[in-house]
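Please keep the structure in view while reading.

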Amino acid sequence: MPRTQRPVPDPRLVGWLREAGRPVSGEELASRLGCSRAAVWKHIAALRAQGFAIGAHHARGYSLDGTPDRLDAMTLAPLLRGRWREIDWHERIDSTQRRARELGRAGADEGAVVVAEAQTAGRGRLGRSWHSPAGLNLYCSILLRPSVALADVPQIALVAGLAVAEAVEVTTGLGPRLKWPNDVLLEGRKTAGILTELEAEEERVQLVIAGIGVNLNVEAFPEELADKATSLRLAVGHPVDRGAFLAGLLAAFEARYERFLASGFAPMRAEWESYAALTGRTVRVAAPQGEVAGRVLGLDDDGALRLDRGAGDVVRVVAGEVSVVDGYGG
Ligand code: BTN
């Protein structure tokens with residue numbers, strides 16, 4: 001390595017400085033890394049070059065004073081809590097869904113997470129596009145390899161929705177709502193969406209890509225979204241920490257996904273319903289079997305929407321696009 005080249009900084013350094021919350025001596029860092037103090041200095045310089053604010057305090061050592069507003073592996077590593085730690089980060093990409101599928105086909109492990117700062121062809125449900133401006137929001141796709149029946153795969157989107165709702169609630173202190181199947185709303189406007197895609201061979205699920213888009217810090221939307229969408233920042237009045245949000249979301253989703261694999265969606269049904277935006281509302285669902293209208297009773301154990309069409313005529317809808325006929329009722 002030429003003398004002037006900076007080393008790739010060790011992500012553990014960021015974690016140690018963050019945990020300490022005070023300056024840590026170069027000597028201590030050198031002993032933890034198993035290198036010289038001069039090498040520590042090179043790691044610090046490399047971290048600074050990547051946008052980390054690191055203070056140097058005479059006779060006391062180094063402190064972490066700020067991290068870049070970027071969702072790359074280096075920034076996320078010290079924040080991640082679960083087993084899903086493989087971060088494939090892109091400054092700009094067409095769609096994280098496409099990339100996650102590519103990684104999946106190449107044999108990547110379950111839990112690989114593709115993250116982008118911007119998407120040029122972000123995809124939504126039902127062939128729509130997903131507004132993906134740079135550096136403000138969260139666009140991620142998680143590679144899953146569940147051993148479940150094909151018919152149960154849509155439940156993974158419900159599980160992901162629950163995890164997103166929890167992360168939004170923890171971050172904002174506000175009460176997010178879930179609009180079946182998996183839109184996350186704040187104050188009646190959409191703040192997150194989930195797109196699950198799967199590949200299967202002869203009824204056997206090969207991979208599922210759980211794509212999650214969350215409007216975190218965006219403040220302006222294109223005209224067609226302006227009265228339907230919101231962001232966490234607009235709802236709370238200040239920017240949110242995107243790295244902390246993603247780390248919390250991945251931990252919440254991973255824990256729920258493990259429970260889902262062990263016991264199915266049924267044990268999470270009541271929790272999902274506690275966030276439900278539609279219970280008691282009159283809705284119309286554009287479902288594959290045609291349009292169905294009725295009052296929402298709740299979910300079945302398998303995640304199907306239960307609608308009362310009147311006079312005790314209760315139907316189940318397993319997929320579709322819901323429009324609310326009588327508003328969200330506050
Ligand atoms: C919806 O229509 O509500 C689903 C939106 C899903 C958007 C996310 S952003 C990350 C991932 N990559 C995509 O292209 N789409 C999903």
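Ala, Val, Leu, Ile, Met, Phe, Trp, Tyr, Cys and Pro count as nonpolar, Asp, Glu, Lys and Arg as charged, and the others, Gly among them, as polar. By these classes, the shell around the ligand holds six nonpolar, ten polar and four charged residues. The model is predicted.

**The ligand**

The ligand sits in the largest pocket. There are 20 residues around the ligand, and S95, Q119, R123, R125 and K190 come nearest. At least two residues of the shell come from each of α5 (96–105), β5 (138–144), β8 (189–201) and β9 (204–214). With four residues, β8 gives the most to this shell.

| Residue | Ligand atom | Distance |
|---|---|---|
| S95 | oxygen | 2.7 Å |
| T96 | nitrogen | 2.9 Å |
| Q119 | nitrogen | 2.9 Å |

On its own, the ligand has 410 Å² of accessible area, of which the protein covers 98%.

**The cavity**

How many cavities of 30 Å³ or more does a search of the whole structure find? The search finds one. The largest cavity contains about 50 Å³ of space. Its lining includes L178, W180, W272 and E273. Two or more lining residues are given by each of α9 (269–274) and β11 (290–299). The largest share, three residues, comes from β11. By class, this lining has eight nonpolar, two polar and one charged residues.

Definitions and conventions: Residues numbered from 1 in each chain as written. Predicted model: local features only at pLDDT ≥ 70, side-chain atom pairs only at ≥ 80, totals over all residues. Heavy atoms only, no water. Near = heavy atom within 4 Å. Polar contact = N/O pair within 3.5 Å; in protein donor to acceptor, adjacent residues only side chain to side chain. Areas by Shrake-Rupley, 256 points an atom, 1.4 Å probe, with all protein chains shown as cover. 1 Å grid on protein atoms, 1.4 Å probe; cavity = no way out; pocket = protein on both sides within 12 Å on 5 of 7 lines; lining within 4 Å. Sits in = over half its atoms within 2 Å of the grid points. Points joined across faces, edges and corners; volume = space filled by probe spheres on them.
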